[in-house]
Amino acid sequence: MEQITINMQQHGVLIDPSSRSIKLVEVSQKVSLKECYKHLECNMIEIANPNSTFVKWQDTLIVDEEGLFKQGQQFFKIGGQAYAGRGLILSTNEEGDMTGCVTDLDDIVRATHFVEATDLM
């Protein structure tokens with residue numbers, strides 16, 4: 001019997017305030033720290049759980065831990081909280097591994113707002 005392999009693509013949701021875009025990005029079945037660093041363009045991450053009803057319980061927001069220290073940083077708000085730099089929404093599976101996002105992209109787009117630094121003061 002022939003074995004069939006199905007390659008189901010996993011996607012995270014990348015929020016980029018510099019380009020004011022929110023898009024799906026391909027991620028591995030088990031997302032590594034290195035992969036997070038690449039998408040977020042940083043060297044240190046922080047897990048942030050937005051206080052919002054739009055995101056499914058398995059999903060979490062990952063941001064640049066040093067984002068506030070970077071010159072000319074751009075911001076976005078989600079769930080009423082502001083974040084500096086890019087954000088990546090991923091899910092956690094039963095084994096605790098980070099994997100593709102389960103919340104609908106449209107729900108994330110509706111809940112995300114790009115803001116200027118002056119609007120945060």
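The model is a predicted one.

**First stop: strand S7**

Select residues 87-92, which form strand S7. This strand is mostly covered, with five of its six residues buried. Strand S1 (10-16) runs antiparallel to S7 and is joined to it by three bridges. To see this pairing, select valine 13, whose bridge partner in S7 is isoleucine 89. Then display strand S4 (59-64), which is antiparallel to S7 and joined to it by five bridges. Here isoleucine 62 has leucine 88 of S7 as its bridge partner.

**Second stop: the hairpin**

Continue from S7 to strand S8, residues 98-99. Two bridges join these antiparallel strands, and serine 91 stands opposite threonine 99 in S8. The two strands form a hairpin with five residues between them. Select glycine 96 in the turn, where phi is positive, at about 90°.

Now select strands S5, S6 and S9. They form an open sheet in the order S6-S5-S9, with antiparallel pairing. Strand S6 (81-84) and strand S9 (112-115) are at the edges; each has a single partner strand, so one side of each lacks a neighbour in the sheet. From one strand to the next, the twist averages 30°. S5 and S6 are paired through four bridges; as a landmark, select phenylalanine 76, whose bridge partner in S6 is tyrosine 83.

Show the side chains of Ile15, Leu61, Phe76, Ile78, Tyr83, Ile89 and Ile108, the residues with the most contacts inside the largest nonpolar core, which has 13 residues. Strands S1, S4 and S5 (75-78) and helix H2 (105-111) each give two or more residues to this core. In general, nonpolar side chains tend to be buried together in soluble globular proteins. A second, separate core has 12 residues, including Val25, Cys36, Ile45 and Met98.

**Last stop: the cysteines**

How many disulfides does the structure hold? There are zero. Select cysteine 42 and cysteine 36 to examine one case. The closest cysteine sulfur to that of cysteine 42 belongs to cysteine 36 and lies 8.2 Å away, which is too far for a bond, because a disulfide requires sulfur atoms within 2.5 Å. Cysteine 42 counts as buried, at 5% relative accessibility. Finally, select cysteine 101, which also counts as buried, at 17%.

Notes. Residues are numbered from 1 along each chain as its sequence is written. This is a predicted model: local features need pLDDT of at least 70, side-chain atom pairs count only at pLDDT 80 or more; totals for chains, interfaces and linings use all residues. Side-chain values use heavy atoms; hydrogens and water are left out. Buried means under 20% relative accessible area, exposed over 50%, partly exposed in between (1.4 Å probe, protein chains only). A nonpolar core is a set of buried Ala, Val, Leu, Ile, Met, Phe, Trp, Tyr and Cys residues joined through side-chain atoms within 4.5 Å. Two strands pair if DSSP finds at least two bridges between them. Axes are lines fitted to C-alpha atoms, for helices over the stretch in contact, and angles run from 0 to 180 degrees between N-to-C directions.
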